[in-house]
Amino acid sequence: MTQSPVRFAILGFGHHAVKRLLPAFPKCELATLSGMWRRDHAAALENCAEFKIPHCFRTREELCSSPDVDAVFITSPDAMHRDDTLLALKSGKPVLCEKPLAMSAAEAEEMNAAARAAGLLFGVAQNFRYNRSLEWMRDQIAAGRIGKPQLARAEYCYPANNSSRKWIVDATLAYGGPIGDVGVHCIDALRFVLGNDVVSVSTLARKDASSGEVEAVASLQMEMTGDVFATVTTSARTPYRSYVEVNGSDGVMYSEGGLTVDRPVQIVVRRGADVEETVTLDNGDGYTRMLDGFAATLRGGNDFAATGEDAIHNMQALDAAMRSWRSGTRELL
């Protein structure tokens, strides 16, 4: 493996990049931030000066064709992911794209096929696959710690009305409301810890006066492979909370804050009424581990944890959830 770090450029620089990615890059061993582009070039110049980002590109095309960029991290609004990804791939650049990957599973399949045809690494930024709490739960479940999984639950709630990402309620830019924004994290987290995939989805959701054409609150009931029934609940109208739980034939494992990166989280293993073990883990380096994981794969190391194929399955689950909301019936993937 070469010793030179992989030089990322962020395409679609905004609040997420400032809050999560800028603190993560300096801690990376294999990755560094080389440049960025955002639609407002004057604001981009200010950002680059403030955060000491070496290259401030005037256009997406300039970023994607730059010899100073080894990989493109796409953090633009959902509706732009397809075109941004195809542009980067056409320019010969590997792509790490934010979730949800696209506006439909069909778009996700097109993006993944383009990466395969170009022979380029393509991943989705399901960063919670690099959370130590989910890794620990996955390993314990695989080892049979709670027996055969039967029921699973994931929850992600947040107050979207306070968000600086105003586009997340614009149905022309965002894949739905919290189902696409954070529900996809719940779906992917359950797939990751269980090693199972979604078979069908039944959705209850509602809009409100602030959500426009997208949902504000939703509950998804999912049938998964391995005879597992799972529930995903998400709201854009409550204080922040994340939670992950798996009930098995021999016990239960749950984590309050299981998808949290801002503070250590606790995982509890119970057998009946007895607490068998309590573990506290810190997910604060999750974004750094994701960036280094992509860089390592690009340099010939281990496989990246969230592939284009994973993103396609997640998009198929999201599409089924949206169809179910409209039809009022359970929808197969």
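**Entry 1**

I began with the open sheet, which has 6 strands in the order 3-2-1-4-5-6 and parallel pairing. At its edges I found strand 3 (55-56) and strand 6 (122-124), each of which pairs on one side only. I note here that the model is a predicted one.

I then looked up how strand 6 is held to strand 5 (residues 95-97). The two run parallel and are joined by 3 bridges. In one of these pairings, Leu96 has Gly123 of strand 6 as its bridge partner.

**Entry 2**

Within it, I recorded Arg241 of strand 11 as the bridge partner of Cys157.

Strand 7 also pairs with strand 10 (residues 228-235), here in the parallel sense and over 7 bridges. I looked up two residues of this pairing. Arg153 has Thr231 of strand 10 as its bridge partner, and Ala154 has Val232. In a regular strand, side chains alternate between the two faces of the sheet.

I followed strand 10 to strand 9 (residues 217-224), with which it runs antiparallel, joined by 8 bridges. Val217 stands opposite Ser235 of strand 10. Strands 9 and 10 form a hairpin with 3 residues between them. In that turn, I found Gly226 with a positive phi of about 80 degrees.

**Entry 3: helix 6**

I listed the buried residues of helix 6 (residues 132-142): Ser133, Leu134, Glu135, Trp136, Met137, Gln140 and Ile141. Just after the helix, Gly144 takes a positive phi of about 85 degrees.

**Entry 4: Asn314**

I selected Asn314, which is found in helix 9 (residues 308-327). Is Asn314 buried or exposed? Its relative accessible area is 1%, and a residue counts as buried under 20%, so Asn314 is buried.

I then asked which residues Asn314 is in contact with, leaving aside its neighbours within four places in sequence. They are Gln126, Val184, Ile187, Asp188 and Arg191. I also checked Asn314 against Ser104: the two are 210 residues apart in sequence, and their C-alpha atoms are 10.0 Å apart in space.

**Entry 5: the whole chain**

Along the principal axes, the C-alpha atoms fill a box of roughly 60 × 45 × 40 Å.

I noted that buried residues make up 55% of the 333 residues. Of the contacts with a separation of 6 or more, 67% are between residues 24 or more positions apart. The accessible surface comes to about 13800 Å², and carbon and sulfur atoms account for 50% of it.

Finally, I looked at charge.

Technical notes:
Residues numbered from 1 in each chain as written. Predicted model: local features only at pLDDT ≥ 70, side-chain atom pairs only at ≥ 80, totals over all residues. Heavy atoms only, no water. Pairing = 2+ DSSP bridges. Helix = DSSP H or I, 4+ residues; strand = E, 2+ residues; numbered from the N terminus. Buried < 20%, exposed > 50% of the residue type's maximum accessible area, 1.4 Å probe, protein only. Contact = heavy atoms within 4.5 Å. Areas by Shrake-Rupley, 256 points an atom, 1.4 Å probe, with all protein chains shown as cover.
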